[in-house]
Amino acid sequence: MIDLDYLAKGLNSLARAYHVNTMAGHLGAALIAGYCITENFPNLDEKVCAGIEAELDRIIRGQSVFGPKKSASVSVDEMFEPFPKQRSQENLIDGIADALANNIDQTRQSGHNVIFASIAVRALKRHPEFATPAITDGIRKLIAGFNGVTPGVAYYGKERGRIDGRKVALSEDDTFPPYTDLQTMATTVLDTLIQHAPERRQGFGGLWHVINHAAALVELAHNGYREPAVTGLAAHYQHLQLWKTLPNIADELGAETPTKYDPRLPVYWQSGDLRRDRARLTHRIKTLYGFNTLVNLVENPAKREQGYDKLRYLM
């Protein structure tokens, strides 16, 4: 089991991220996700736990690309420090959901608004002793920072270059109808991963965030916020629509390749060749957590294992 201190440091960092920028939320979210993986799987091999902790320690030491720069008002070390002691108030968690309600209707920065809010809600609902005014107010300000932002940008190859998601025309597709519920979304995302994981598409957060955005909606519903979760289905559908417009640029940037080992096994974490390019240091942990959450809604066990196999392309 991963030490509870990682959860505390994750919440502290998430609550201070708004002092830096919205993407600084990656640091705290990854720490919280790492802790929650072992909370979901209390019998997880201790060698896997140790491997996850080693990655979280890298984040704490400032090795994430999303950490504050020298010019920021807070340092990496300060991000994780505890706040002055305050009395916790569980009802303050609703304020995070209220902030999310103002921007959950459309895709915002590849779904990071939902991802960060949901993981905070999950952590605080399970551990309400951390729901202090300082922590909840800081996270609420982080989520409010996504109001009005773009869906993200993407790379469409040498000829077209990078394009803002607001300028991408989306057309109706009879083979891809809007989601009717969370389970349909989960199955659609898993099918997308199975079919397209080997392809190289760059933008809108990649399949990492398609998965994590969907998992965040599921977690919101599980933790008592079903109405905003259902409202967010349209934004996730838009997110996946945008991702589907991306070309496979494997000829230009090289094909995606899977890891040799399954991340559920100790040998993966002990192999010594974990990839940390393309921000995988934070994305690996969050996506492993998110995928575990999402796959529970898929009833077909063979499809679930297919999904875990294809997940190795993202690890």
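Modeller: The sulfur of Cys36 has its closest cysteine sulfur in Cys49, and at 13 Å that is too far for a bond, a disulfide being a pair of cysteine sulfur atoms within 2.5 Å. Cys49, for its part, is in no disulfide, since the nearest cysteine sulfur to it is that of Cys36, 13 Å away. By this rule the structure has zero disulfides. This is a predicted model, in which local features need pLDDT of at least 70 and side-chain atom pairs count only at pLDDT 80 or more, while totals for chains, interfaces and linings use all residues. Residues are numbered from 1 along each chain as its sequence is written, and side-chain values use heavy atoms, with hydrogens and water left out.

Contacts between charges come next. The structure holds 19 salt bridges (a side-chain nitrogen of Lys or Arg within 4 Å of a carboxyl oxygen of Asp or Glu). One of them joins the side chains of Glu55 and Arg284, with 2.9 Å from N to O. Because Glu55 lies in helix H3 (residues 46-60) and Arg284 in helix H14, this pair ties together parts that are 229 residues apart in sequence; helices here are DSSP runs of H or I with at least four residues, numbered from the N terminus. Glu55 is buried, at a relative accessible area of 2%, and Arg284 is buried too, at 1%.

A salt bridge is also formed by Asp191 and Lys303, whose closest N and O atoms are 2.8 Å apart. This pair again links distant parts of the chain, for Asp191 is in helix H8 (residues 182-196) and Lys303 in helix H15, 112 residues apart. Here Asp191 is partly exposed, with a relative accessible area of 31%, and Lys303 likewise counts as partly exposed, at 22% relative accessibility.

In the salt bridge between Arg278 and Glu256, the closest N and O atoms are 2.7 Å apart. Arg278 lies in the loop between helix H13 (266-270) and H14, and Glu256 in the loop between helix H12 (250-253) and H13, so the pair ties together parts that are 22 residues apart in sequence. Elsewhere, salt bridges that share partners join Glu39, Arg122, Arg126 and Glu219 into one network.

A search of the whole structure finds six aromatic pairs, a pair being rings of Phe, Tyr and Trp (its six-membered ring) whose centres lie within 6.5 Å, with planes under 30 degrees apart called stacked, over 60 edge-to-face and the rest tilted. Among them is the pair of Tyr268 and Trp269, which is edge-to-face, at 4.9 Å centre to centre and 85° between the planes. Both Tyr268 and Trp269 are buried. In another pair, the rings of Phe291 and Tyr308 have their centres 4.9 Å apart and their planes at 80°, so this pair is edge-to-face. It links distant parts of the chain, with Phe291 in helix H14 (residues 280-295) and Tyr308 in helix H15 (residues 301-311), 17 residues apart. Phe291 is buried, and Tyr308 is buried as well.

Ring pairs also link Phe176, Tyr179 and Tyr237 into a cluster. Over the ring of Phe176 sits the charged end of Lys244, 4.9 Å from the ring's centre; a charge sits over a ring if NZ of Lys or CZ of Arg is within 6 Å of the ring centre and within 35 degrees of the ring normal. The ring of Phe83 has a charge over it too, that of Arg16, whose charged end is 3.9 Å from the ring's centre.

Key
Buried means under 20% relative accessible area, exposed over 50%, partly exposed in between (1.4 Å probe, protein chains only). Helices (H or I, at least four residues) and strands (E, at least two) are DSSP runs, numbered from the N terminus.
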